[in-house]
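Biologist: I am new to this one. Please put it on the screen, and I will ask as we go.

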Amino acid sequence: MPRLFLRLLAVLMLAALPASAQEGVQISFGQSLRLDGSALEVTADQLSVDQTTGATEFTGNVLAVQGDMRISAGALRLEYAAGAREGQQRISRLVASGGVTMATPSEALESREAVYSLDTQSLEMTGAVMLVQGENLLSGERFVADLRAGTGRMVGRVRTIIRME
């Protein structure tokens, strides 16, 4: 089902691109995948809280939405920054598993697992990773992105499809 979603998303993205944008080849990482300080809305079948660590875990049909960013997964664990004052928690990491899809209006990523660090603005996705940006497709076993710098690296039998039209 997630692969079908990505294929449909890719077709919609391709149809929406203006002809001038299709002439250049550009794969970039960054702004559209960055979570910011606005509210994160999470829906799931179950919620558990670890009182020892303060971590929160959502399981079953998880959907997390913040602005234009949508994350769907089998499970999503929110880890909080140490030293937060009582009543004021700040999320430091999101750990998604069980088939992960991250989508924005301009790109989509799919993998088995993903770790998103808000502190360092880094994203690591592992297991059959597929990235779709416009007409371009990139796949491999592990994807690491520095969202502040806008750089990324795909490793593990990388396959790329870049439209040159």
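Biologist: In the hairpin of strand 8 and strand 9, which residue takes a positive phi?

Modeller: First, a caution: this is a predicted model, where local features need pLDDT of at least 70, side-chain atom pairs count only at pLDDT 80 or more, and totals for chains, interfaces and linings use all residues. Residues are numbered from 1 along each chain as its sequence is written, and side-chain values use heavy atoms, with hydrogens and water left out. Strands here are DSSP runs (E, at least two residues), numbered from the N terminus. The hairpin has four residues between its strands, and the one with a positive phi, near 50 degrees, is Gln121.

Biologist: How many bridges pair strand 8 and strand 9?

Modeller: Two strands pair if DSSP finds at least two bridges between them. Strand 8 covers 113-117 and strand 9 covers 122-133. Val115 stands opposite Glu124 in strand 9. The pairing is antiparallel, and the number of bridges is five.

Biologist: Strand 9 and strand 10 form a hairpin too. Which residue in the turn has a positive phi?

Modeller: Strand 10 spans residues 136-146 and runs antiparallel to strand 9, joined by ten bridges. Leu123 stands opposite Ala145 in strand 10. Two residues lie between the strands, and the one with a positive phi, about 55 degrees, is Gly134.

Biologist: Which residue is the bridge partner of Glu110 in strand 9?

Modeller: Strand 7 holds residues 107-111. Strand 7 and strand 9 run antiparallel, with four bridges joining them. The partner of Glu110 is Met130.

Biologist: Is Glu107 buried or exposed?

Modeller: Glu107 lies in strand 7. Its side chain makes a polar contact with the side chain of Gln133, at 2.3 Å. Such a contact is a pair of N or O atoms within 3.5 Å; within protein, one must be able to donate a hydrogen and the other to accept it, and residues adjacent in sequence count only if both atoms are side-chain atoms. The cut-offs are under 20% relative accessible area for buried, over 50% for exposed, and partly exposed in between (1.4 Å probe, protein chains only). At 3% relative accessibility, Glu107 is buried.

Biologist: Now the charges. How many salt bridges does the structure hold?

Modeller: A salt bridge needs a side-chain nitrogen of Lys or Arg within 4 Å of a carboxyl oxygen of Asp or Glu. Some link up: Glu57, Arg77, Glu79 and Arg93 form a network. The total is five.

Biologist: How far apart are the N and O atoms in the salt bridge of Arg93 and Glu79?

Modeller: Glu79 stands opposite Arg93 in strand 5. Six bridges join strand 4 to strand 5, in antiparallel fashion. Arg93 is partly exposed, at 31% relative accessibility. From N to O, the salt bridge spans 2.8 Å.

Biologist: What is the N to O distance between Arg77 and Glu79?

Modeller: Arg77 is partly exposed, with a relative accessible area of 25%. It forms a salt bridge with Glu79, and the closest N and O atoms are apart by 3.3 Å.

Biologist: Which residue forms a salt bridge with Arg90?

Modeller: The closest N and O atoms of this pair are 2.6 Å apart, and the partner of Arg90 is Asp119. The pair links distant parts of the chain, 29 residues apart: Arg90 is in the loop between strand 4 and strand 5, and the loop between strand 8 and strand 9 holds Asp119.

Biologist: Which residue in strand 8 does Arg93 stand opposite?

Modeller: Strand 5 and strand 8 run antiparallel, joined by four bridges. Opposite Arg93 stands Ser117.
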